[in-house]
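Reader: Could you walk me through this one slowly? I am new to reading structures.

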Amino acid sequence: METPSSTCDEGSEVDARSHSDFDDLDRPRGHCREASSDVSSECSGEPGSPYGSPYPRWPVCTLAARMPQPPLLKRLSTTRRGCGVRDRKAGDGELQLIKERFSKLLLGEDMSGSGKGVSTSVAISNAITNLYATVFGSCHRLEPLPAEKKSMWRHGMDCLLSVCDYIVEFFPSKEILPDGTTREVMATRPRSDIYVNLPALEKLDDMLLEILDSFQKTEFWYVNDKGHKDDSAATPCRPVNHRGEDKWWLPVPCVAKPGLTEPARRDLQQKRDCAIQIHKAAMAINNGALAEIRIPDLYKQALPKCGRASVGDLIYRHMSFPGKFSPEYLLDCLEISSEHEALEAADRVEAAMHVWRRKASQSHSRSPWSAVKDLMESDKNVMLASRAEDVLLCLKQRFPGLSQTTLDASKIQYNKDVGQAILESYSRVLESLAYNIVTCIDDVLFADEAARKIA
């Protein structure tokens, strides 16, 4: 059998379109052009090709002709969001930073080069987490992000997210030949989860930065390390911190004695509501990404045999009650007062949930009566697993800053899918940033309430 020749014309046609392809790079990644609309112009038949026979095959168009090359060098001169042209010296410094970052990714964070590093998905997840800690780790005030840190965040994420340009899926499409005949080909398009979630995350990212940039002129200020207020022209007042001694290192906001004006208070409340909605959206995307990651075998092997032993008698009695179940009432009975207790309860409930799910999905060949008993037991396990999921969701809503559970950390550690790792880590850091903004606004509102009581 003769080997068919290439069905994608990668010559002059691709070169003629190179400039237009690169012009499309400023658009969000999620809005990539559908490959099906371009398949007739990018693939053309060749003389002697077997695809003109009555038995067409599935030619696969090469990726280079469908998707533009990663525009790392072009991004050194223009930003993703149009912030202007940087000088050559800054571009050379950023190029060195890109080389260092991608070298660490290829080595799997193993600088010895012996191949003992982590997987690519874990390395890129750690890179996003470390970049967030570098940029936003010391930002505990409601003020615009410094230009250097904003540039570091945007260009760093731009480089890390460029991997998504090549995470694609194949789908059948049709091509119209010059003689008018049609044939079926395999075209490529962005993977569905990345196509939907990545543009949404980038939009949430922009909205959070806009909220921080909006705090240009405010009616509140922060006390510096020496105990003096930053703005000497404002009316003196006593700083109030409602977080106690647990967060003693965080800056304390101050408000003048009459309190904030009504427009300033209303604007602050609107920004708080917006940040809460962003937090919910990022948390939903993060939960969806974690749900798609398979459970590691090591976690399954460590699960207890009985879900009741994991959650304890008190929680089990409430969850197995045949009447109406309220996860809020159960958490009120537990009287969880700290995030450490909440995380411990979340680990136990999540482990029991997967035990009950595993029992509900098991099937055995037994006698008819045993089969009926198994069906009843399966229904009970399904109910318990569903209620455990409700309790877990309620716990995360009550404690928005809750750390990763044992299962979530295990999924991130053993995950091999790069696309899922990017969506999970990106949504996680945005969720953390939104929560920090809400917390800082709550501090200012608490100081405003205290100032109005004094007045």
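Author: Let us begin with helix α7, which passes helix α18 in a right-handed crossing, meaning that the near helix is turned clockwise from the far one by less than a right angle. This is a predicted model, where local features need pLDDT of at least 70, side-chain atom pairs count only at pLDDT 80 or more, and totals for chains, interfaces and linings use all residues. Residues are numbered from 1 along each chain as its sequence is written, and side-chain values use heavy atoms, leaving out hydrogens and water.

Reader: At what angle do the axes of α7 and α18 cross?

Author: The axes of α7 (residues 120-136) and α18 (residues 418-454) cross at roughly 20 degrees and come within 8 Å, where axes are lines fitted to C-alpha atoms over the stretch in contact, with angles running from 0 to 180 degrees between N-to-C directions. Helices here are DSSP runs (H or I, at least four residues), numbered from the N terminus. The two are therefore roughly parallel to each other, a label for angles under 35 degrees.

Reader: Which residues in α7 meet α18?

Author: Among them are I124, I128 and F136, while the α18 side includes Y426, V429 and L433.

Reader: And what does F136 touch, leaving aside its neighbours within four places in sequence?

Author: F136 is then in contact (heavy atoms within 4.5 Å) with L145, W153, L209, L212 and L433.

How values were computed:
Parallel < 35°, antiparallel > 145°, perpendicular 65-115°, else oblique.
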